[in-house]
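This briefing sets out the fold and the overall dimensions of one protein chain. Please consult the sequence and the structure shown here alongside the text.

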Amino acid sequence: MTAWSQWEALGSPDLYDYGITVTPEEQWAWQGGPGGPRWPVAQVVPVVPVGR
């Protein structure tokens, strides 16, 4: 299902109906509340320069 289709299926929620939860182990975006539909947020992996 595309992001647009999911947005329409959820009743076209407003911008302020979304949030983000961050824990030491994971991050996710949600709609309607932390217990509502949610999507993982990509984890940033630090890059260590080689040879420095």
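The structure is a predicted model, in which local features need pLDDT of at least 70 and side-chain atom pairs count only at pLDDT 80 or more, while totals for chains, interfaces and linings use all residues. Residues are numbered from 1 along each chain as its sequence is written, and side-chain values use heavy atoms, with hydrogens and water left out. The protein has one helix and three strands, and its elements run α-β-β-β from the N terminus on. Helices (H or I, at least four residues) and strands (E, at least two) are DSSP runs, numbered from the N terminus.

**Overall dimensions**

- The radius of gyration of the protein is 15 Å, well over the 10 Å that the globule rule gives for 52 residues, so the protein is more spread out than a compact globule. This radius is taken over C-alpha atoms, and the globule rule is 2.2 Å times the number of residues to the power 0.38.
- Along the principal axes, the C-alpha atoms fill a box of roughly 50 × 25 × 15 Å.

**The sheet**

- The three strands form an open sheet in the order E1-E2-E3, with antiparallel pairing. Two strands pair if DSSP finds at least two bridges between them.
- Strand E1 (18-22) and strand E3 (38-40) are the edge strands, each pairing on one side only.
- Neighbouring strands of the sheet are turned by 25° against each other on average, direction ignored. Axes are lines fitted to C-alpha atoms, for helices over the stretch in contact, and angles run from 0 to 180 degrees between N-to-C directions.
- In general, strands of a sheet pair through backbone hydrogen bonds, either parallel or antiparallel.

**Strand pairs and hairpins**

- E1 and E2 run antiparallel and are joined by five bridges; a hairpin of four residues leads from E1 to E2.
- Within this pair, Val22 has Gln27 of E2 as its bridge partner, and Thr21 has Trp28 of E2.
- Strand E2 (residues 27-31) is joined to E3 by three bridges, and these two strands also run antiparallel.
- Trp28 has Pro40 of E3 as its bridge partner, and Trp30 has Arg38 of E3.
- Six residues lie between E2 and E3 in their hairpin, where Gly32 in the turn has a positive phi of about 85°.

- Ser12 lies in the loop between helix H1 (3-9) and E1.
- The phi of Ser12 is near 55°, a positive value in a residue other than glycine.
- Ser12 is partly exposed, with a relative accessible area of 34%.

**Burial, surface and contacts**

- Of the 52 residues, 12% count as buried. Buried means under 20% relative accessible area, exposed over 50%, and partly exposed in between (1.4 Å probe, protein chains only).
- The protein exposes about 4500 Å², of which carbon and sulfur atoms supply 62%. Accessible areas come from the Shrake-Rupley method with a 1.4 Å probe; for residues, only the protein chains shown count as cover.
- Of the contacts with a separation of 6 or more, 7% are between residues 24 or more positions apart. Contact means heavy atoms within 4.5 Å.
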